[in-house]
Amino acid sequence: MKRVMMVIGVAAIAACGGHDATSPAVVGTPCTSATSFPVSLQIGDVAVVSDPAKMNCMSVAATAATAEYVFIAANANQRSDVIWNYTVSAAASIVAGASYAPAILTNLAASGTDGTDGGAADAPVPFAVRMESVRHGAVRQLPIADARALAHQSIAARSAAPGVHYSLQPPPGVGDILTLRVPDSTSKPCTNFFTVGARVMAVSLHAIIAQDTLAPAGGFSAADFTDIASEFDNIIYPTDTLHFGSPGDVDGNGKIIILFTPRVNAQTPRNSKSFLGGFFFGGDLFSRASCNESNVAELFYLLAPDPGAVFSDARTTSSVRHGSRGVIAHEFQHMINLAVRIRSSAAEDEAVWLNEALSHFAEEFVGRAEHGYPDLRKLTITDIVDEPLRNDFNAFFAQNLVRFKPWLQRPDTAGATSAHADRSLAVRGAAWTIVRFSADHFSGGDVATFTRQLVAGPDTGVANLVARSGVPFDSIMRGWMVANYASDFGVVNLAPRSAYVSWNMRNVEAAISSGIYPLTVTSLTDGSSVSTKATSGSGNYFRLAATPLTVRVRSTDGSLVVEPGARVYIVRTR
């Protein structure tokens, strides 16, 4: 499911606390000239520190007045949602001794866009995102052997079992009425559904475009339905299948059903800040013996135009038309991903974070195809903003940028590889960019082959990304985390693998953020001490505002770091 957002504001919440002078000091490891790890880099160089003893005492010597170092405390643990709690402190000179008593103890300020969770674990989860989580969970409970048998079963065999399998073979014609089952996402999947009549409005090489017979008046015209079918045939279908693989054909008609139904509209409560734009339900690739809701067909469920607000809030014909374009591109990847793994005898269902990342990648790929941009062309905001009548920016590009923004604002709370990708837009934004970065550098210039290999597996999650990239996860994390700060920042001699190839991320994110790149960076000066956390697949950014300076990264009790995924990436930017 793709959730369409309305961003109406940004709220900042700060949490502060002071050190209790009466509490006993914690004995830690001394930081002395004898134990210090000297940091001496040329502009553009990157150092990786993984030894806890070196993290405890990293000394930057006096440099030119314009020098700038950025320390990135990152969690490169390959397991999802592992929390590393730590403290970063800084002093102008090395101070011997074992006591640990920071003068200032603060948490990084929280911020997020209204209507999202901003990546925070305790934030309310929007209903539309919750529904996707329920559907993902339901499909994971279904017997994969059933779907594999169905995928290899002949249409004749399916048709011989009425009431169990449903087939649209041969393809229907324009004007025919189909009987379809629409999931009720507000209740138990595979059990509760709506049976609807759907009139076929257009039939093309790859698509059957249908509309619920109860759709409100004032919606799409015949020309609109023809245009939807044409875009699917000529742009979305070839782009998604090139990059992800074949969707399969469980109903034997060689086509994808695209259903516009007000049953989707009705699943969004009125006056909501977000709404359900459409979805693919994996249960449709299983037999009705396993999922009674199944249509045993490749099928998308989309909003219907509802200008009179009959079923929920008003949805204009234009907004539904443009909004559904990105939804179809996104959901088609989900359909292909599941179909490919069903047909494999070894592959398991893909991890949610990587599955979502690939679907957000699908939106980008289709947007690029609409404009004729190659997969690795570096895009700026000028490249993707277009006239309102075309509206490719909102259809294919804007949502990914909006998702990445809350991660940039709170990278400490949302790991790119989090299992909460079905509930957090910030996680999805980070997931999209870490896969985008990996494709930039580890695809050998052939992004489509790289993403098809990810879909095929048979690995899942981080293991899949590492296997396809051919480098350790720590190497991916290092490049991606540095790129989120240094890419297109004018850093002299910055290595190519410390920057994005395909996006000027500073340019596009600043364009949707009042001209300011929204990455949260904390300045360290003499006496600074910041207590925070890093979720696996994420981290925090600290800038040295003066040198010489000694930086210490330790556990929150002052002892050496014990988290095995803990890393400090140091880049000299000036």
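**View 1. Ala421 occupies the loop between α10 (392-409) and α11 (425-442).** The model is predicted: local features require pLDDT of at least 70 and side-chain atom pairs pLDDT 80 or more, whereas totals for chains, interfaces and linings use all residues. Residues are numbered from 1 along each chain as its sequence is written, and side-chain values rest on heavy atoms, with hydrogens and water left out. Helices (H or I, at least four residues) and strands (E, at least two) are DSSP runs, numbered from the N terminus. Ala421 counts as buried because its relative accessibility is 0%; buried denotes under 20% relative accessible area, exposed over 50%, and partly exposed in between, with a 1.4 Å probe and protein chains only. Not counting residues up to four places away in sequence, Ala421 is in contact (heavy atoms within 4.5 Å) with Val352, Trp353, Glu356, Val427 and Arg428. The C-alpha atoms of Ala421 and Leu354 are separated by 8.6 Å, although the two residues are 67 residues apart along the chain.

**View 2. An open sheet of 5 strands is arranged in the order β6-β24-β8-β22-β20.** Its pairing is mixed; two strands pair if DSSP finds at least two bridges between them. At the edges are β6 (46-49) and β20 (521-524), each of which pairs on one side only. From one strand to the next, the twist averages 25°; axes are lines fitted to C-alpha atoms, for helices over the stretch in contact, and angles run from 0 to 180 degrees between N-to-C directions. Within the sheet, β8 (residues 69-75) and β24 (residues 566-572) run antiparallel and are joined by 7 bridges. Ala74 stands opposite Arg567 in β24. Helix α14 (residues 473-486) packs on the sheet, where α14 touches β6, β8, β20, β22 (538-544) and β24. The direction of α14 makes about 50° with that of β22.

**View 3. Cys31 and Cys57 are joined by a disulfide, S to S 1.9 Å.** A disulfide is a pair of cysteine sulfur atoms within 2.5 Å, and by this rule the count comes to 2. The link of Cys31 and Cys57 is right-handed, with 65° about the S-S bond. Distant parts of the chain are connected here: Cys31 lies in the loop between β4 (26-27) and β5 (37-39), and Cys57 in the loop between α1 (52-55) and β7 (58-60), 26 residues apart. Cys31 and Cys57 are each buried.

**View 4. A disulfide links Cys190 and Cys291, with the sulfur atoms 2.1 Å apart.** This link is left-handed, with -100° about the S-S bond. Cys190 lies in the loop between β13 (177-183) and β14 (193-203) and Cys291 in the loop between β18 (278-280) and β19 (299-302), so the bond ties together parts 101 residues apart in sequence. Both Cys190 and Cys291 are buried. With bonded cysteines counted along the chain, the disulfides follow the pattern 1-2, 3-4.

**View 5. The largest nonpolar core comprises 129 residues.** A nonpolar core is a set of buried Ala, Val, Leu, Ile, Met, Phe, Trp, Tyr and Cys residues joined through side-chain atoms within 4.5 Å. Phe232, Trp407 and Trp480 have the most contacts inside the largest core. Helix α7 (residues 317-343) gives the most to this core, with 11 residues. Residues touched by Phe232, not counting those up to four places away in sequence, include His206, Tyr237, Ile256, Phe300 and Phe332.
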